Amino acid sequence: MNDDVEKGGRCIPGRLFCQRQAMPLPQRRRLPGQIVAAQQIVGSPMTTMECRVQLAIGSVAEAVGVNPAFSPSPRQEAGMKSLAQQMSFYQRYHRSARNRLTHFFGVPMIILAVMQALALLPLGPSGLNVAHVTVLVLLTYYFLLDVPLALAMTAFFAVLLAITQHLATLSWPWALSVFGVLFVGGWIVQLVGHHFEGRKPALLDNVFQIFIAPMFLMAEVFFHFGYKPGLQRRVQELAAQSA
């Protein structure tokens, strides 16, 4: 794995930069200057915890003969906006504290209702269903955006999948009633929140925001407890620039 890669005149830090972040400060100062400069060229650096997670993943991957790329390819970069950019778009539609509070109830209700419906579509005799595959694809995308937040989202979806399995044991009338309460009730809660906001939902301008909403709420929890302050500042800066 290359220590740093030059792509289109932009230096992308790789393993050496992550190793630098995980080192004590006195050891960092003795490293070559180009590794330190990579942080300034790229912009938003990874946190120490994120680097350690990346290094652990890289070590395991190399042990089994896989060479993971810490930096996305140019095609990936062109096709996927940064997490801060996507969250700043979402935040512009959710500035009211009352609106954000309603989403902590409405979004999980809607997600659970959709997962309940997708769980009714089996994928052969394996016991898997469309809900499992959908969650796997979504979590893969989240891990590409941010590892710590994706780990938290993994726990969140694990709980929802467990609830979905329980709902699958209900009779059709009860299952349909639960779906209706969750789906319709979730959207009513969402619309009440946007009434407080005085602005339409973000997905009406960008339907892809429906996938960012769960990640945004998890990030809000992180921000509340003082985690990922750099991401919080970046999201606020981008949202203010577009106001």
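Helix 9 and helix 11 are roughly perpendicular to each other in this predicted model, because an angle between 65 and 115 degrees is given that description. The angle at which helix 9 and helix 11 (residues 209–224) pack is about 110°, and their axes lie 10 Å apart. On the helix 9 side, the residues that meet helix 11 are Pro-148, Leu-149, Ala-150, Ala-152, Met-153 and Phe-156. Helix 11 contributes Pro-214, Met-215, Met-218, Ala-219 and Phe-222. By residue class, the contact of helix 9 with helix 11 has 11 nonpolar residues, no polar and no charged.

Helix 9 (residues 147–167) is also the element of the chain with the highest mean pLDDT, 95. The lowest mean pLDDT among the elements, 38, belongs to helix 5 (residues 74–79). For the chain, the mean pLDDT is 74, and 65% of the residues reach 70 or more. Over residues 59–80 the pLDDT is below 50, and the model gives this stretch 27 contacts beyond near neighbours in sequence. Residues 33–46 also stay under 50 in pLDDT, with 22 contacts in the model beyond four places in sequence.

Helix 10 is the next part to consider. Phe-183 and Trp-187 both lie in helix 10 (residues 172–197), where four residues, about one turn of the helix, separate them. A pair of aromatic rings is described by the distance of the centres and the angle of the planes. The count of aromatic pairs in the model is five. For Phe-183 and Trp-187, the ring centres are 6.5 Å apart and the planes stand at 75°, so this pair is edge-to-face; the cut-off for that label is an angle over 60 degrees.

With a relative accessible area of 7%, His-194 is buried. Which residues does His-194 contact, leaving aside its neighbours within four places in sequence? The list includes Tyr-93, His-94, Asn-99 and His-103. Also in contact with His-194 are Arg-199, Lys-200, Pro-201 and Ala-202.

Conventions: Residues are numbered from 1 along each chain as its sequence is written. This is a predicted model: local features need pLDDT of at least 70, side-chain atom pairs count only at pLDDT 80 or more; totals for chains, interfaces and linings use all residues. Side-chain values use heavy atoms; hydrogens and water are left out. pLDDT is the predictor's confidence in each residue, from 0 to 100. Helices (H or I, at least four residues) and strands (E, at least two) are DSSP runs, numbered from the N terminus. Contact means heavy atoms within 4.5 Å. Rings of Phe, Tyr and Trp (its six-membered ring) pair if their centres lie within 6.5 Å; planes under 30 degrees apart count as stacked, over 60 as edge-to-face and the rest as tilted. Buried means under 20% relative accessible area, exposed over 50%, partly exposed in between (1.4 Å probe, protein chains only). Axes are lines fitted to C-alpha atoms, for helices over the stretch in contact, and angles run from 0 to 180 degrees between N-to-C directions. Angles under 35 degrees count as roughly parallel, over 145 as roughly antiparallel, 65 to 115 as roughly perpendicular and the rest as oblique. Ala, Val, Leu, Ile, Met, Phe, Trp, Tyr, Cys and Pro count as nonpolar, Asp, Glu, Lys and Arg as charged, and the others, Gly among them, as polar.
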